[in-house]
Amino acid sequence: MTIDVETARHISTLARLKIPEDQLPSVANDLSKILAWVGMLDELDVTGIEPLANVNDGHLGWREQDVVTDGGQAQAVLANAPSQKADFFTVPKVVE
Amino acid sequence: MSDLTDLTMVEAKALMDKKELSPIELTERYIKAAERGQKATNAFVTPTFDRAIDAAKASQARYDAGQAGPMDGLPIAMKDLYCTKGVRTTACSKILANYVPQYESTVSQNLADAGAITLGKVALDEFAMGSSTTTSAFDPVVSPWTGREPEKAERKLVPGGSSGGSSAAVCGRFAMGATGTDTGGSIRQPAAITGIVGIKPTYGRCSRYGIIAYASSLDQAGAMARTVGDAALMLRTMAGYDPKDSTSVNVPVPDYMAALGQSVKGMKIGIPREYRIDGLPEEIAKIWDNGAQMLRDAGAETVDISLPHTKYALPTYYIIAPAEASSNLARYDGVRFGLRVEGESLADMYDNTRGEGFGVEVRRRILMGTYVLSAGYYDAYYRKAQRVRRLIRNDFLKAFEQCDTILTPPSPSTAFAIGENEDDPIKMYLEDVFTVTLNLAGLPGIVVPMQLCANGLPMGLQLIGKPFDETTLFKTASALESAAGFNGKPPFVG
């Protein structure tokens, strides 16, 4: 599988990560190389093998008591906000 | 008396218990060492020496009151991936350069509760993605080690990565121990190439709460120290179930110190034939053979084992880890914390913030992860990699029917120079060929320093354990440590 410049641009849009136009060819080239390398997995037949997501095959316990134990810390939550107003995060306007 | 920095944590603790050493004296000596160490290596991103002095005074008060904790007064370094309340935590990324957490990670809290004193936050590869600490957005860390060959002595070497600030601080003796995190080898590879001990416990042994996430199904906290005993003391303090991390496992944490020095007689040590890869340097193969002989001399038996899917581990990792990273790192959007770079619209603001905030390697992994999770490729890459992951874990579970622990090399090379291996991303990825298998399988692994190679640089060996059987690892590691008698010291020490 080869990634061309057009695909690299598309992935960067999906990832919401701006890549300067002049860097797209080298990004596409790196990704192509990595994809060719991971293509090694095609040698394996994995039919019927269950995917492994959690090594401990953990079953999450039920929350016996679902009670609020934390909260009311607006200032702490906002402490690192790049922009805020009256206990809210602020972002560029999205409606006209 | 010899220099205070020659003491192990276990020795220093015993002296403080006997009131023959004060935590203030020890901390002041280490701050002096750290100041010198910082000039030579850049290991610290954010030193916190004033806080360390205050903590040492509080520790002294606990000793005076007879209420000292298990790590009371021992100065350590904290990888800058652990959130520390009120102390800047950067993950060595431009996107978090000014981030000051409002809460504390569980593991760093456990260490503080036991009385450990943090000297500061130490460097890593950006978001723990790398094997050299050169992907950090800040100055690269220079290893305290220099090669014996003249041309190597002039070049600055890497301390490994991603926990390279930790390995530099510990081998350079300007911290007694350090926290690390290990997603594909980030504790064990730096430990191996700087001549220290590093343990990555079983997935679920330590809480991940408050540790900045890279790949959540692989990330695990662990300890780096100069001796097996110190690593045992530290891990015992760090580990434990935490309701705040649903993947932390609710099982008791044994007293690892009790395993030290116990006989390995009758134990079966697996030697996986697939780890004898093409191009493995002769010298590293020899260290491996010697280590096996040391364990046989101590009464253990070595068994030839097979882990047939070994060669598929790195490609599997480089699908799963980027996929999880692309999802985890979606949170850096310029809204709630971290860097914001303005744009004409909300979408522009996201694009600009992330485009400027992430370094080249992080960007590469986010894009790779986005691709393998995107419509049409999910099954071919991500799902497939998860299936291969199970085959890799099954290899280990089967091998453990024949042996108690597995002995392998930890790294295919000794320390390389800053800037080396950077022309091709895959070259750097190969650094983790012997370590990454454990993260995929969720198993514990420990690296023990063995000897200096002909080039004057250290190399260790790795032991792999059954799930939650760190005790056997500490026992076997301590036997290897005694037999190897490694006492290499880098040319620079604090």
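**Helices, sheet and chain contact**

Guide: In chain B, helix α8 (residues 228-238) and helix α16 (residues 470-484) have axes that come within 9 Å and cross at roughly 160°. Axes are lines fitted to C-alpha atoms, for helices over the stretch in contact, and angles run from 0 to 180 degrees between N-to-C directions. Helices (H or I, at least four residues) and strands (E, at least two) are DSSP runs, numbered from the N terminus. This is a predicted model, in which local features need pLDDT of at least 70 and side-chain atom pairs count only at pLDDT 80 or more, while totals for chains, interfaces and linings use all residues. Residues are numbered from 1 along each chain as its sequence is written, and chains are lettered from A and ligands numbered from 1 in the order in which they are written.

Visitor: How do α8(B) and α16(B) run relative to each other?

Guide: α8(B) and α16(B) are roughly antiparallel, because angles over 145 degrees count as such, those under 35 as roughly parallel, 65 to 115 as roughly perpendicular and the rest as oblique. Their crossing is left-handed, meaning that the near helix is turned anticlockwise from the far one by less than a right angle.

Visitor: Which residues make the contact?

Guide: Val228(B), Ala232(B) and Leu235(B) of α8(B) meet Glu470(B), Phe474(B), Ala477(B), Ser478(B) and Glu481(B) of α16(B). Two residues are in contact if their C-beta atoms, placed from the backbone, lie within 7 Å. By class, this contact has 5 nonpolar, 1 polar and 2 charged residues. Ala, Val, Leu, Ile, Met, Phe, Trp, Tyr, Cys and Pro count as nonpolar, Asp, Glu, Lys and Arg as charged, and the others, Gly among them, as polar.

Visitor: And at what angle do α10 and α12 of chain B cross?

Guide: The axes of α10(B) (residues 313-328) and α12(B) (residues 360-373) cross at roughly 100° and come within 7 Å. α10(B) is therefore roughly perpendicular to α12(B). Among the residues in contact are Ile319(B) and Pro322(B) of α10(B), and Ile366(B) and Met368(B) of α12(B). The contact has 8 nonpolar, 3 polar and 1 charged residues.

Visitor: On to the sheet. What is the order of its strands?

Guide: The sheet in chain B is open, with 11 strands in the order β1-β3-β2-β4-β6-β5-β10-β11-β9-β7-β8 and mixed pairing. Two strands pair if DSSP finds at least two bridges between them. β1 (44-47) and β8 (301-305) of chain B are the edge strands, each pairing on one side only. Direction ignored, neighbouring strands are turned by 30° against each other on average.

Visitor: Are the faces of β5(B) covered or open?

Guide: Both are covered: in β5(B) (residues 197-200), Val197(B) and Ile199(B) on one side, and Gly198(B) and Lys200(B) on the other, are all buried. A residue is buried if 20 or more other C-beta atoms lie within 10 Å of its own, exposed if 12 or fewer, and partly exposed in between; C-beta atoms are placed from the backbone.

Visitor: Changing topic, how many residues does each chain give to the contact?

Guide: Chain B gives 51 residues and chain A gives 39. On the chain B side, α13(B) supplies the largest share, 10 residues. That side of chain B has 24 nonpolar, 15 polar and 12 charged residues.

Visitor: Is Ala86(A) buried or exposed, and what of Ala91(B)?

Guide: Ala86(A) is exposed because 6 other C-beta atoms lie within 10 Å, whereas Ala91(B), with 32, is buried. Ala86(A) lies in the loop between β1 (84-85) and β2 (88-89) of chain A; Ala91(B) lies in the loop between β2 (75-79) and α4 (106-113) of chain B.
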